[in-house]
Amino acid sequence: MTNKKKMDSRVSLEDLILTSNRVGAVIESVRGTMLAPDARKRPPTFTTNQVAAICGLEKSQMDYRIKKAELPVGNMEGSARRRFSLEDTRIWAQTERSKFMRPKDAEAITIAVANFKGGVTKTTTAVTLAQGLSLRGHKVLVIDTDPQGSMTTLFGLLPDVDVTDEQTILSLCYGTELSIDYAITPTYWSGIDIVPANLALYSAEFALPSRQKSEANFEFWNVLNHGIDTARTNYDVIILDTSPSLSYLTINALLASDGLIMPLPPSTLDFTSSGQFWNLFNDLAANLVTNRGKSKSFDFVDVLLARVDANDASSSVVREWITAGYANMVLPVEIPKTALTASASAEFGTVYDTDPATINARTYRRAFDAYERVVELVEEQILTAWKRQIGEQHGS
Ligand SMILES: Nc1ncnc2c1ncn2[C@@H]1O[C@H](COP(=O)(O)OP(=O)(O)O)[C@@H](O)[C@H]1O
Ligand SMILES: [Mg+2]
């Protein structure tokens, strides 16, 4: 294609509307191409070895169980290769990993993925975590609190085309709904439901402060916290993706959470900006929580070294600063910068959506293993949080 850029062309507001429409049309047709034949995302299927690995079984134990046929035995393709559907894989995980499942009296653990900055892999981390936890048997609700709707897009929904304003958390923010339940939508990934987002969600930034002025006893920062009360009993884990700002919605996400994950690439600017994030958060928390005689603590706060470039000499220095500053909050794992998402179609998914056969095996393995380790570490902290909940019930 030739670039027709003219160096002397003025642009009117009407031109911009036309451009925006054109871009929207391209996005829609791109999705059609990426997700052919019917523009819907499809979940992966799993080999016997993969299911065994998820369940922590030896191959021989797995084969024995398949023979007994007490659990779904998968489908044999034309060849002798057995494949398990996502649904079946989750049934295996729930059965074989029963000691990791949510105890009867415990509630969902809510996790916000947050950072001031855009492009630090918040959304990728949130979606990958949801997929990994769901594969381990947990029932997950993801909530997109970013009006840009990147998480929504990764689940195969185009925010401006497939999502109505009423399907987002907007009604909760306006107060016409008190529980998030109205907005819960199933996804292509069984075991993950979503509350999607679209651009209209920006108006929450006006609705929340305006209600704060006009409604007695209104607490703009607790809207999501209260809104997910019923979801807390219906899900095992709730994951909140946030926008790259400390907006009213992000404050809601942070204060609704039991755990926080901050993806942080080891670059100087990302590190310094992360400091500003906590400064601002602490000011807000003092205003909204401490000064009102309330308290709040998190079950865990994790800093996740993200998009680490092995060839970047400066990153090892910044990594030291991060460790010095965040101490034991830093997770003992690094997500490598990888070409995995460099192919356009892979951008519609994560490492869990990628068919290993389509890309470089070593690249895939490194990224996949790193994310698996993150999921494992987060699950461990979730189990601890559940124990804490139950301990408190028994203590009181
Ligand atoms: N490990 C990685 N290596 C390289 N690029 C990545 C990696 N993870 C995500 N990306 C890409 O980085 C960009 C920003 O990621 P995203 O999750 O949207 O960040 P955020 O939500 O913080 O804005 C996306 O294009 C994504 O595909
Ligand atoms: Mg994002």
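User: In this predicted model, at what angle do helix α5 and helix α15 pack, and how far apart are their axes?

Analyst: Helix α5 spans residues 122–135 and helix α15 spans residues 361–395. They pack at an angle of about 70°, with axes 9 Å apart.

User: What makes α5 roughly perpendicular to α15?

Analyst: The angle is about 70°. Angles of 65 to 115 degrees count as roughly perpendicular, so α5 is roughly perpendicular to α15.

User: Which residues make the contact?

Analyst: From α5 come T128, L129, G132 and L133. From α15 come Y371, E372, V374, V375, V378 and E379. By class, the contact has 6 nonpolar, 2 polar and 2 charged residues.

User: Why does G275 count as partly exposed?

Analyst: G275 has 13 C-beta neighbours inside 10 Å. Buried takes 20 or more and exposed takes 12 or fewer, so G275 counts as partly exposed.

User: Where is G275 placed, and how far is G325 from it in space?

Analyst: G275 is in helix α13, residues 268–288. G275 and G325 are 9.0 Å apart, C-alpha to C-alpha, though 50 residues separate them in sequence.

User: Which residues have the most contacts inside the largest nonpolar core?

Analyst: They are V142, I169, V237, I238, I239 and L304, in a core of 78 residues. Helix α15 gives the most to this core, with 9 residues.

User: What is L304 in contact with, leaving aside its neighbours within four places in sequence?

Analyst: L304 is in contact with T125, I261, M262, P263, L264, L331, I335 and V374.

User: Which residues does the second, separate core include?

Analyst: That core has 9 residues, among them F46, V51, A52 and F84.

Terms used: Residues numbered from 1 in each chain as written. Chains lettered and ligands numbered in written order. Predicted model: local features only at pLDDT ≥ 70, side-chain atom pairs only at ≥ 80, totals over all residues. Axes fitted to C-alpha atoms, helices over the stretch in contact; angles between N-to-C directions. Helix = DSSP H or I, 4+ residues; strand = E, 2+ residues; numbered from the N terminus. Parallel < 35°, antiparallel > 145°, perpendicular 65-115°, else oblique. Contact = placed C-beta atoms within 7 Å. Nonpolar A, V, L, I, M, F, W, Y, C, P; charged D, E, K, R; others polar. Core = buried A, V, L, I, M, F, W, Y, C linked by C-beta atoms within 7 Å.
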